[in-house]
Amino acid sequence: MMMHNLSVAALIKGLKNKDFSSVELTQHYLNRINKSKLNAFISVTENLALAQANEADLKIAKGDNTPLTGIPYAHKDIFCTKGVKTSAGSKMLDSFISPYDATLSHKFNSENMVMLGKTNMDEFAMGSSNENSYYGPVKNPWNLKKIPGGSSGGSAAAVASRIAPFATGTDTGGSIRQPASLCGITGLKPTYGRVSRYGMIAYASSLDQAGPMTQTAEDAAIVLNAMAGFDNKDSTSAAKETPDYTNQLTNSLDGLKIGLPKEFFSSGLDEGVEKVVMHAIKEYESMGAKIQEVSLPNSMHAIPTYYIVAPCECSSNLSRFDGVRYGYRCEDPKDLDDLYLRSRSEGFGKEVKRRIMIGAYALSAGYYDAYYLKAQKVRQLISEDFKKAFQSVDVIMGPVAPTPAFDLGSVKDPVSMYLADIYTLSVNLAGLPGMSIPAGFSKELPVGLQLIGNHWSEELLLNTAHQFQLKTDWHTSSPIEL
Amino acid sequence: MTWETVIGLEIHTQLKTKSKIFSGASTEFGAKANTQACAVDLGFPGVLPVLNKEAVRMALRFGLAVNATINKHSIFARKNYFYPDLPKGYQISQFEIPIVGNGAIDIPLDNGEKKMVGITRAHLEEDAGKSIHDLYDDYTAIDLNRAGTPLLEIVSDPDMSNAKEAVAYAKKIHALVQYIDICDGNMQEGSFRCDANVSVRRAGEGLGTRAEIKNINSFKFLEKAINLEVERQIDILEDGGSVAQETRLYDSIKNETRSMRSKEEANDYRYFPDPDLLPVVIDDELLKEIKDRLPELPTEKKARFIDKLGLSEYDAENLTSQKAMADYYEIIIDKGADVKLSANWVMGELSASLNKNQIDIQDSPISASELFNLISRITDNTISGKIAKDVFRLMWDEKRSVDEIIKDQGLEQMTDVGALESSH
Amino acid sequence: MSLDKKQVKEIAYLARLSIEDVELEQSTSELNNILSLMDDLNEIDTGDVEPMAHPLHMSQRLRDDEVTEENLAEEFQAIAPKIGKSHFLVPTVIE
């Protein structure tokens with residue numbers, strides 16, 4: 001049997017039935033990782049993983065375990081992991097062995113899950129192609145010449161190529177959903193405030209949210225159970241009860257009201273992608289869902305809004321990287337300015353510097369109102385559009401990205417790269433939950449369907465996705481390439 | 001030419017919470033460098049701030065004590081600048097909407113009158129760490145123990161027109177924060193720091209350009225620094241020059257103010273709401289609870305001293321000018337000592353000796369109950385007031401009890417002499 | 001609004017990033033291309049719209065005033081680039 005094709009749900013059963021041990025499972029994935037040519041990992045923590053698996057097997061033997069005990073996973077290298085390099089894909093943190101655990105890392109450890117390693121990503125999560133990593137680009141497992149999407153490209157490629165049963169991701173403007181779509185896996189960005197941000201290296205604090213990247217929606221529900229919840233170390237974590245996300249996966253979609261934003265199906269959308277999306281919508285219709293058009297007029301302004309808000313926050317969030325307390329420090333600084341200027345210029349990559357500069361400018365005296373404040377107002381309008389739409393529909397659906405994965409190195413200009421984020425950004429600006437689920441192929445490359453829910457509606461989204469996956473098998477297809 | 005001086009003060013008071021404003025690290029003073037700086041204080045990647053409840057309550061206590069507007073919805077903002085003792089590259093502060101809005105406080109003037117000084121605002125923020133320049137030859141050393149200590153920055157209106165008024169205001173605030181128990185007031189340790197905004201103008205003209213003087217750590221230096229700065233500005237203007245808007249450092253050793261180059265450049269702080277923190281919402285219930293628990297304020301105490309004890313305005317003002325002195329005085333009179341005589345002793349002999357030896361009243365070698373004993377020996381005619389002064393000296397120097405000294409020195413007056421005297 | 005090279009240098013310094021003169025031309029045009037995206041926002045009437053700083057419509061939670069952190073100075077300093085006896089070191093700063 002091909003263990004690696006099993007979903008997390010199936011692996012949990014396998015461990016329970018003693019079909020295999022956690023050590024066997026872990027070794028199997030480690031072997032696959034070692035053969036992989038995708039550059040999906042920045043660090044493979046082989047020894048740690050085997051030790052954790054061993055510990056998990058002991059716990060399972062004693063019956064002192066949770067469902068996820070012994071399940072291997074890949075952790076995006078943006079989550080601090082005590083004693084393990086945490087680079088955020090940057091030269092700045094190439095030497096950074098985190099002295100503390102992110103809340104998420106801590107939660108996973110306390111369930112005795114097995115960390116296989118830390119996945120590759122766009123530097124500080126800034127990018128849509130994974131080409132902005134200090135550790136080189138990740139390759140799309142469906143076609144090694146293509147990008148896997150970003151910024152959680154390593155995580156998406158790892159799950160798609162079955163070298164990890166699931167992975168963590170973070171989504172600031174689409175960084176879970178877009179690579180999930182481009183690699184043909186399931187990705188969920190929860191409602192802002194659902195998952196703790198403590199120990200997740202900040203890109204844009206009011207937009208960042210962590211979520212699961214899995215083969216199936218059911219797996220996403222299982223993993224979200226382990227991720228979600230209030231954290232008293234994060235002031236922006238919601239003190240709200242967390243349901244068992246696997247509880248609502250059996251509801252019928254009969255009568256579900258699905259909204260299609262007309263703005264998401266206008267010019268710029270690749271024909272092949274549109275076809276896949278419309279085909280998926282038809283599938284939903286056949287399951288009893290009611291389809292109607294909605295309008296999100298201001299979401300068309302999501303690009304300028306996001307590319308002001310996120311850079312402003314990042315310009316400030318990344319000021320701490322100054323070569324003084326940790327991370328990269330230039331050789332022999334001659335004075336304080338030299339220390340700052342060279343450490344930061346040598347430690348950060350191009351795109352990061354670009355966004356820091358945009359943010360510093362947009363916040364600076366005389367420009368704040370025209371840029372930052374204006375963007376905040378439009379953010380409100382974008383959010384209100386969704387509020388209105390959700391008065392008449394339960395779930396909004398549309399494409400995730402305008403095109404399937406493009407060629408590595410083919411998009412050189414930043415603006416063209418930003419424009420490809422058009423369908424995902426508004427969800428972050430409004431703080432809503434969103435998903436991408438495999439919905440078909442265009443030009444032999446996977447295409448995802450985006451599901452957007454109202455605040456705190458993860459259960460509904462997960463069931464909506466799960467019901468689709470019960471009827472279709474797009475989520476079970478995997479690339480041959482490792 | 002007549003010149004007018006316009007002074008506003010920004011006072012940073014360190015709030016006496018046990019833990020920091022955004023982390024659970026200790027705020028205790030004097031620990032080994034960097035041992036009280038946790039991951040949050042050091043600005044590690046991924047860490048997040050969570051606001052200390054007590055810091056908020058202390059800010060509210062201050063707001064209520066100066067009859068200020070309380071903003072029931074206040075916002076934390078980031079003040080962005082690079083400096084090695086500022087670990088995150090920004091200071092979490094309040095900008096557009098501070099927790100405490102407009103208030104006011106009365107200060108006593110030399111002529112016995114009062115003047116009202118407006119308080120523009122008071123906001124919560126985190127302190128920076130310390131840069132130590134003289135520890136290593138080629139390096140500046142950074143200690144981040146202080147980073148994240150809660151500060152209430154109290155900003156006055158530019159209502160003071162000379163150094164004396166500025167000192168009177170600073171002393172008033174200094175006393176108040178101790179009365180309401182939000183700051184220990186220790187200026188040597190930097191718990192109470194003043195920055196002065198000083199400008200001069202020709203009588204009747206609009207406001208002049210101001211300079212901000214930093215690093216003033218005593219009332220004496222505050223007065224000196226302001227006077228120096230006023231002179232400097234007048235000299236410049238009388239020579240036809242213009243005053244630069246800048247930050248100046250007061251050097252108490254050289255007794256001069258000088259431009260701080262490092263703080264000069266690019267003062268573009270790029271304030272914006274901190275996305276790691278949500279709006280601070282104060283409900284009426286909390287406000288009422290804090291109001292109900294507010295201790296007696298200096299103005300209330302002063303009024304009570306006048307109304308209930310029959311002290312003069314001058315005595316009452318004097319005795320309540322420092323919480324510790326008022327406490328000391330109240331211990332004596334609570335034991336039943338004569339109100340006026342006790343006031344004279346506390347403000348006279350005791351204060352003079354404390355001042356001369358530069359000792360705070362809390363550390364007085366003669367305790368309040370010892371002074372009560374001495375005063376009692378005067379009122380019961382054991383000794384005369386004149387002799388009492390000698391006894392006081394001996395008590396101060398030798399730390400012996402009143403009765404011991406009286407007995408050893410044979411200072412008791414003849415009772416009949418006392419009776420004789422009183423019969424006159 | 002568009003930036004000239006001098007402004008780009010100033011912004012870079014504000015963010016403590018250095019830009020080599022050879023990169024300046026390209027950086028300036030890249031930044032201006034990005035900023036031209038923002039012109040789109042001028043079309044929108046945002047007259048009395050309340051700015052939205054944050055997606056969570058909740059208020060700040062307050063922590064009890066307790067010391068919960070232990071001294072981890074050794075672990076923290078082990079990864080510091082330049083440490084004296086117990087201080088972080090930077091080139092001498094002149095105040």
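1. A quick definition to start: a salt bridge here is a side-chain nitrogen of Lys or Arg within 4 Å of a carboxyl oxygen of Asp or Glu. By that rule B:Lys115 and B:Glu165 are a pair, with N to O at 2.7 Å. B:Lys115 sits in strand β7 (residues 114–126) of chain B and B:Glu165 in helix α2 (residues 163–179) of chain B, so this bridge ties together parts 50 residues apart in sequence. Both B:Lys115 and B:Glu165 are buried.

2. Keep in mind that this is a predicted model.

3. Take the pair between B:Asp276 and A:Arg197, at 3.0 Å from N to O. B:Asp276 is in the loop between β15 (272–273) and β16 (280–281) of chain B, while A:Arg197 is in the loop between β5 (186–189) and β6 (209–214) of chain A, so the bridge joins two chains. B:Asp276 and A:Arg197 are both buried.

4. Back within chain B, B:Lys164 bridges to B:Glu223, with the closest N and O atoms 3.6 Å apart. Helix α2 holds B:Lys164 and helix α3 holds B:Glu223, so the contact links parts 59 residues apart in sequence. B:Lys164 is partly exposed, at 48% relative accessible area, and B:Glu223 is partly exposed too, at 26%.

5. One network is worth a look: salt bridges with shared partners connect A:Arg197, B:Arg78, B:Asp274 and B:Asp276.

6. Finally, the surface. B:Glu231, B:Asp235, B:Glu238 and B:Asp239 form a negative patch. Of these, B:Glu238 belongs to helix α3 (residues 219–238) of chain B and is partly exposed, with a relative accessible area of 48%.

Key. Residues numbered from 1 in each chain as written. Chains lettered and ligands numbered in written order. Predicted model: local features only at pLDDT ≥ 70, side-chain atom pairs only at ≥ 80, totals over all residues. Heavy atoms only, no water. Patch = residues over 30% accessible without salt bridge, like charges linked within 9 Å, V, L, I, M, F, W, Y side chains within 5 Å. Areas by Shrake-Rupley, 256 points an atom, 1.4 Å probe, with all protein chains shown as cover. Lys, Arg positive; Asp, Glu negative; His and termini not counted. Charge placed at Lys NZ, Arg CZ, Asp CG, Glu CD. Helix = DSSP H or I, 4+ residues; strand = E, 2+ residues; numbered from the N terminus. Buried < 20%, exposed > 50% of the residue type's maximum accessible area, 1.4 Å probe, protein only.
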